[in-house]
Amino acid sequence: MNKKIEPTSATTSGKQTEIFDAIIIGTGQAAPALANRLTASGMRIAVIERSSVGGTCVNTGCTPTKTMVASAYVARMAARAAEYGVVLHHPPAIDMKAIKARVDKIVQTDRVGLENWMTGMPGCTLIRGHARFESGNEVCVDDRRIKANKIFINVGGRAFIPDAVGLENISYLTNTDMVALDIVPSHLIIVGGSYIGLEFAQMFRRFGSSVTVIERGSRLIAREDEEVSAQIKDILSNEDISIMLDAEELQFQKHAAGVAVNVKCKNDWKKISGSHLLIAVGRRPNTDDLGLDKAGIETDTMGYITVDEQLRTTANGVWALGDCNGRGAFTHTAYNDFEIVAANLLDGETRCVSDRIPAYALYIDPPLGRVGMTATQAKKAGRKIRVGTRQMTRVARAIEKGETQGSMRVVVDAETNEILGAAILGPGGDEAIHAILATMAAKAPYTQLTHTMAIHPTLSELIPTMLGELSNPQ
Ligand SMILES: Cc1cc2nc3c(=O)[nH]c(=O)nc-3n(C[C@H](O)[C@H](O)[C@H](O)COP(=O)(O)OP(=O)(O)OC[C@H]3O[C@@H](n4cnc5c(N)ncnc54)[C@H](O)[C@@H]3O)c2cc1C
Ligand SMILES: NC(=O)c1ccc[n+]([C@@H]2O[C@H](COP(=O)([O-])OP(=O)(O)OC[C@H]3O[C@@H](n4cnc5c(N)ncnc54)[C@H](O)[C@@H]3O)[C@@H](O)[C@H]2O)c1
């Protein structure tokens with residue numbers, strides 16, 4: 001049985017102050033693991049959460065969306081069943097309430113598991129409410145005042161809502177509303193053609209919605225190389241998702257169908273109407289209501305907390321982890337922030353945020369796995385590069401699976417043979433990319449992979465082949 005360690009208390013200006021060894025604000029993706037390490041080292045800690053334990057990832061981000069992506073994949077394969085010689089006697093239908101029930105069950109299991117884990121840690125007190133700094137080492141939660149010499153901020157972010165004509169007069173959805181839907185919108189209009197917009201676009205198209213994506217840029221998911229953006233556009237267009245690029249200006253109005261959007265694309269105004277509108281144009285950090293000024297914690301103009309390489313803020317004894325520090329916007333970057341802070345604080349190491357190799361995936365189908373630099377970024381950084389590519393139409397496993405959209409690309413430093421980055425857009429691309437990530441982390445030359453026997457038939461077996469056919473230096 002866990003032994004509970006109680007906080008001590010002191011009285012400051014008539015108000016009882018509870019004293020802990022450490023405070024964690026927000027139960028994002030760094031907090032639970034950090035709480036575990038801190039309490040295991042004997043500290044008494046307070047963890048403060050104003051909403052659902054597990055934050056964005058568990059409740060309104062990765063977990064519900066990837067659960068929905070799985071349902072959307074089944075819907076797609078059911079619709080394509082005849083191509084595989086599988087005869088369905090009735091056309092497949094979508095039961096959105098059942099999809100939502102599956103999502104809710106998985107989310108709840110994760111959330112409750114995390115909550116039980118944290119409340120079961122000896123010396124961990126979970127406080128419900130909104131935390132605000134009173135000073136560099138004091139935090140208020142409603143009428144409770146708590147103090148600690150170490151404070152960790154893991155407050156995450158929320159959907160950014162742009163200033164746009166008419167938006168204040170209509171109802172719109174964010175990622176939080178999307179994962180709570182138990183109906184299929186007849187026409188979903190999505191503003192924003194990046195991670196959130198594209199994942200929801202494809203899944204709701206597969207559930208049966210008409211979908212229009214409106215993107216301000218001249219291409220989708222513009223952080224990627226142009227060829228990758230173009231292939232992603234083709235994948236979505238092939239499923240009859242309508243895509244409007246170069247949307248310089250938007251105006252919103254109520255409409256009998258739900259909402260109308262006037263879109264100015266290259267000086268030409270177009271009007272579309274739909275039943276539902278999703279705003280997916282980025283995130284903003286939850287730092288505007290934290291009282292950071294009282295603690296001397298600086299932010300940039302967007303509200304991201306300024307941190308150094310070890311994630312220390314400008315206030316002594318205060319760290320910021322996860323999306324709120326602007327150094328990453330993924331669950332794995334938040335978790336890596338925990339690993340850096342815990343290693344430096346508890347294990348005597350000096351790990352830095354710049355040591356990590358950028359890596360992420362876009363969960364459309366097929367998924368895009370990404371590591372390191374794109375070819376464009378590598379060239380901008382002044383590197384002489386060699387590029388390898390292979391289309392999925394030339395990958396045996398993709399052909400056998402009937403999933404030949406996409407390609408893989410790798411960027412190698414022409415002088416050092418070091419792998420600088422890669423993109424795998426294809427079935428299992430989110431998993432296969434890890435072989436390249438591990439090779440990069442080991443700082444091994446690309447020839448390490450060309451000399452490794454791979455398993456047949458896999459997508460990964462073509463990585464050495466692709467590396468054996470690199471372009472001339474460019
Ligand atoms: C739709 C969607 C899909 C995503 N899919 C993926 C994916 O597939 N893979 C991936 O890696 N990333 C994904 N992300 C991003 C990922 O969810 C975040 O990067 C991740 O949750 C990291 O968050 P965090 O640790 O910074 O905090 P969060 O998870 O945002 O949690 C912060 C917590 O702090 C609490 N809080 C805030 N302010 C206060 C306060 N003042 N007092 C008390 N509590 C407070 C909040 O209630 C919240 O619970 C997705 C995001 C979205 C929106
Ligand atoms: N698979 C994943 O790991 C995953 C999935 C979802 C979200 N996320 C995280 O969530 C974060 C937010 O994702 P996101 O897609 O909302 O934001 P984003 O910042 O990645 O992209 C926003 C997109 O909206 C466009 N845009 C901005 N203003 C616009 C306007 N007025 N009209 C039309 N288009 C406009 C931008 O050009 C851009 O393409 C990401 O940075 C990512 O880290 C990750």
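This is a predicted model: local features need pLDDT of at least 70, side-chain atom pairs count only at pLDDT 80 or more; totals for chains, interfaces and linings use all residues.
Starting with the big picture, the protein chain carries 14 helices and 24 strands. A compact globule of 474 residues would have a radius of gyration near 23 Å, and the protein chain comes in at 24 Å, which agrees. Some 42% of the 474 residues count as buried. If contacts with a separation of 6 or more are taken, 63% of them in the protein chain link residues 24 or more positions apart.

The chain splits into three pieces in the domain assignment: domain 1 is put together from 8-59, 98-157 and 284-355, while domain 2 covers 167-281 and domain 3 covers 359-467. The C-alpha centres of domain 2 and domain 3 sit 29 Å apart. These two do touch, with eleven residues of domain 2 in contact with 14 residues of domain 3. On the domain 2 side, helix H6 (195-207) and helix H7 (226-237) are the elements that give two or more residues. That side is made up of six nonpolar, two polar and three charged residues.

In the model, residues 360-466 are 32% helix and 27% strand, and the end C-alpha atoms of the span lie 21 Å apart.

Now for the ligands. Ligand 1 has 36 residues around it, and the ones that come nearest are glycines: Gly 26, Gly 28, Gly 55, Gly 156 and Gly 322. Strand E4 (45-49) supplies at least two residues of this shell, as do helix H2 (55-59), helix H3 (62-79) and helix H9 (331-346). Sorted by class, the shell around ligand 1 comes to 14 nonpolar, 18 polar and four charged residues.

Ligand 2 is surrounded by 26 residues, the closest being Gly 192, Ser 194, Tyr 195, Arg 216 and Ala 329. Two or more residues each come from H6, strand E14 (247-255) and strand E20 (359-362). H6 makes the largest contribution to the shell around ligand 2, with four residues. Here the class count is 16 nonpolar, six polar and four charged.

Technical notes
Residues are numbered from 1 along each chain as its sequence is written. Chains are lettered from A and ligands numbered from 1 in the order in which they are written. A residue is near a molecule or strand if its C-beta atom, placed from the backbone, lies within 6 Å of it. Ala, Val, Leu, Ile, Met, Phe, Trp, Tyr, Cys and Pro count as nonpolar, Asp, Glu, Lys and Arg as charged, and the others, Gly among them, as polar. Domain bounds come from an automatic or database domain assignment. Two residues are in contact if their C-beta atoms, placed from the backbone, lie within 7 Å. The radius of gyration is taken over C-alpha atoms; the globule rule is 2.2 Å times the number of residues to the power 0.38. A residue is buried if 20 or more other C-beta atoms lie within 10 Å of its own, exposed if 12 or fewer, and partly exposed in between; C-beta atoms are placed from the backbone.
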